[in-house]
Amino acid sequence: MTTYTPPLSPTNYLWGSRVDDTLWKLCLDHLEHELSEQQLNTWVRPLQAIVEDGGLRLLAPNKFVLDQVREHHLGVIRDALANIYPNQEIPVQLEIGSSRATPVRRAEAPAPRRGGVISEPVAMPENEHFQSNLNPDFTFDSFVAGKSNQLARAACQQVAQNPGKAYNPLFIYGGTGLGKTHLMHAVGNQLRRLKPDARVVYLHSEHFVADMVRALQHDRIDEFKRFYRSLDALLIDDIQFFAGKERSQEEFFHTFNTLLEGNQQVILTCDRYFKEINGLEDRLKSRCGWGLTVVVEPPELETRVAILMSKAAQSKVALPHEAAFLIAKHIRSNVRELEGALRRVMANAQFTGRPVTLELCREALHDVISLHNKLITIDNIQKTVAEYYKLRVTELVSPSRNRSIARPRQLAMALAKELTNHSLPEIGQAFGGRDHTTVLHAVRKIAELREEDNRIREDFNNLLVTLSM
Ligand SMILES: Nc1ncnc2c1ncn2[C@@H]1O[C@H](COP(=O)(O)OP(=O)(O)OP(=O)(O)O)[C@@H](O)[C@H]1O
């Protein structure tokens with residue numbers, strides 16, 4: 001563990017009652033080595049620190065954050081402090097609150113809601129043709145939960161139940177194609193389900209900018225402002241596009257403030273943590289930090305499989321589990337690509353009139369899979385098969401004719417034929433100097449057994465998928 005030397009003597013600033021974040025910054029530096037970036041950004045960085053009476057008061061913006069920190073991170077924070085100040089015990093207190101002088105929300109009424117709707121469409125059509133731009137397919141029901149998205153999903157569900165109150169703004173960040181937009185729409189759809197006349201608008205940040213520019217050109221910026229400020233919830237996607245656009249940021253900032261002050265919900269997404277967006281105004285960043293920030297991470301294998309099964313079911317296509325597994329093993333980067341791969345498989349099945357099977361998936365995704373297969377070696381196959389059957393590689397290549405060794409050996413030889421470009425004699429050679437006819441026999445035997453023996457078929461498929469990773 002790294003030890004940090006504080007730049008000032010702790011007693012210099014452990015007295016008095018004032019906001020002093022030097023101690024907290026040291027603590028955060030330390031925690032960077034102890035917690036994941038996600039944990040830090042989501043739970044620890046939103047805390048405000050006050051050094052008071054020789055102790056540290058940590059203010060959580062809401063109960064959700066408070067509970068998470070208390071349960072999972074308080075111990076690490078205390079350890080970090082003990083590390084920074086080994087000779088001094090620093091009491092830590094955790095509570096809900098904010099040290100900011102300006103109240104988060106003002107009590108006065110927000111901008112006019114109904115009456116102030118723009119008379120002609122600038123961003124949105126008139127009230128009676130009000131459009132939310134929400135995709136009805138992006139709901140909580142169609143969103144597959146997993147470890148990688150559970151916090152973001154939970155936060156979104158809370159916001160949908162308690163708009164303007166639970167977490168405002170809600171900031172969702174994460175890589176491309178990981179479900180941020182889907183979650184945002186899910187909140188919007190849920191809000192409209194619970195309250196059909198709720199004025200919810202989803203917009204990509206570029207559209208917001210384009211609307212604003214148009215309004216400026218037509219001298220209708222006041223209508224533009226009134227429209228946006230009349231909403232119950234504003235969902236803005238990909239706010240990284242605001243970077244460097246000063247005028248738009250300015251306008252957005254005012255809209256954003258008015259909405260927050262009127263307890264109207266704002267949800268923002270971004271491809272990175274807001275503090276990392278270059279060209280985004282500090283005051284906008286600081287405002288983002290007043291709510292809750294959650295990350296969506298790339299889904300792990302199980303979630304990828306579940307997403308594929310769910311998407312296939314939505315399309316009423318029977319997708320065998322092992323086929324979903326094969327696709328999920330190969331497409332790891334994001335859900336959009338996963339969907340693309342599934343679409344290719346389904347199209348292939350439709351054109352050829354065949355059901356979706358493991359073989360069909362391998363054919364349809366041949367290019368993606370062969371990229372991986374180039375890396376498959378006989379060595380690799382031997383190790384994987386030996387591990388699968390709990391054998392040693394030396395046993396696999398030994399002369400033993402014992403069935404518990406000979407069958408896995410045949411499987412390994414068949415896999416080597418299937419997955420590598422080695423010739424039969426080369427494979428024989430690698431398996432203890434066997435003759436090529438032995439390899440041929442193994443390949444034929446395994447092909448036969450895959451037809452009639454469920455156990456062998458399953459083993460072969462499992463190994464195939466593991467090796468194709
Ligand atoms: N957990 C999930 N369950 C079901 N579908 C998902 C899930 N995550 C993502 N998707 C699907 O993946 C596709 C891409 O998701 P989405 O558009 O929400 O990504 P994004 O994070 O907003 O990406 P970008 O930053 O590129 O806008 C959508 O079709 C969405 O329905």
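**Entry 1. Terms and one buried residue**

I count a residue as buried if 20 or more other C-beta atoms lie within 10 Å of its own, as exposed if 12 or fewer do, and as partly exposed in between, with C-beta atoms placed from the backbone. I looked up Val44 under this rule and found it buried, because 24 other C-beta atoms lie within 10 Å. The model is predicted, so local features need pLDDT of at least 70 and side-chain atom pairs count only at pLDDT 80 or more, while totals for chains, interfaces and linings use all residues. Residues are numbered from 1 along each chain as its sequence is written.

I take helices (H or I, at least four residues) and strands (E, at least two) as DSSP runs numbered from the N terminus. Val44 belongs to helix α3 (residues 37-44). I call two residues in contact if their C-beta atoms, placed from the backbone, lie within 7 Å. Neighbours within four places in sequence aside, Val44 has contacts with Leu28, Leu31, Leu35, Gln39, Val69 and His73. Val44 and Leu31 are 13 residues apart in sequence, and 9.0 Å separates their C-alpha atoms.

**Entry 2. A second residue**

Is Glu95 buried or exposed? I found Glu95 exposed, because 9 other C-beta atoms lie within 10 Å. Glu95 is in strand β4 (residues 92-96). Residues up to four places away in sequence not counted, Glu95 touches Arg57 and Leu59. I also noted Pro61, which is 34 residues from Glu95 along the chain, with 8.8 Å between the C-alpha atoms.

**Entry 3. The whole protein**

I listed 21 helices and nine strands. Of the 469 residues, 38% count as buried. Among contacts with a separation of 6 or more, 74% are between residues 24 or more positions apart.

Two strands pair if DSSP finds at least two bridges between them. I traced an open sheet of five strands in the order β6-β7-β8-β5-β9, and its pairing is parallel. The edge strands are β6 (200-204) and β9 (292-296), each of which pairs on one side only. Neighbouring strands in this sheet are turned against each other by 15° on average, direction ignored.

I then went through the pairs. Strand β7 (residues 233-237) and β8 are parallel and share four bridges. In this pairing Ala233 has Gln265 of β8 as its bridge partner, and Leu234 has Val266. From β7 the chain crosses through helix α9 (residues 246-261) to β8, and this β-α-β crossover is right-handed (with the strands pointing away from the viewer, the path from the first strand over the helix to the second runs clockwise).

Strand β5 (residues 170-174) also pairs with β8 in the parallel sense, over four bridges. β5 and β9 run parallel and are joined by five bridges. Phe171 has Leu268 as its bridge partner in β8 and stands opposite Thr293 in β9.

**Entry 4. How enclosed are two of the strands?**

In a regular strand the side chains alternate between the two faces of the sheet. Six of the six residues of β8 (residues 265-270) are buried, so this strand is largely enclosed by the rest of the structure. On one side of β8 I noted Gln265, Ile267 and Thr269, and on the other Val266, Leu268 and Cys270, all of them buried.

Five of the five residues of β9 are buried, so β9 too is largely enclosed by the rest of the structure. From β9, Leu292, Val294 and Val296 point one way, Thr293 and Val295 point the other way, and all are buried.

**Entry 5. Helices**

Axes are lines fitted to C-alpha atoms, for helices over the stretch in contact, and angles run from 0 to 180 degrees between N-to-C directions. Helix α7 (residues 205-217) lies across β6 and β7 and runs at about 95° to β6.

Which residues of helix α8 (residues 221-229) meet α9? Lys225, Tyr228 and Arg229 of α8 meet Thr255, Thr258 and Leu259 of α9. The two helices pack at about 35°, with their axes 9 Å apart.

The axes of helix α11 (residues 301-314) and helix α13 (residues 335-352) come within 10 Å and cross at roughly 50°. That makes α11 oblique to α13 (under 35 degrees is roughly parallel, over 145 roughly antiparallel, 65 to 115 roughly perpendicular, and the rest oblique). α11 passes α13 in a right-handed crossing. Arg304, Ile307, Leu308, Lys311 and Ala312 of α11 make the contact with Val335, Leu338, Glu339 and Leu342 of α13.

Key:
Left-handed = near helix turned anticlockwise from the far one by under 90°.
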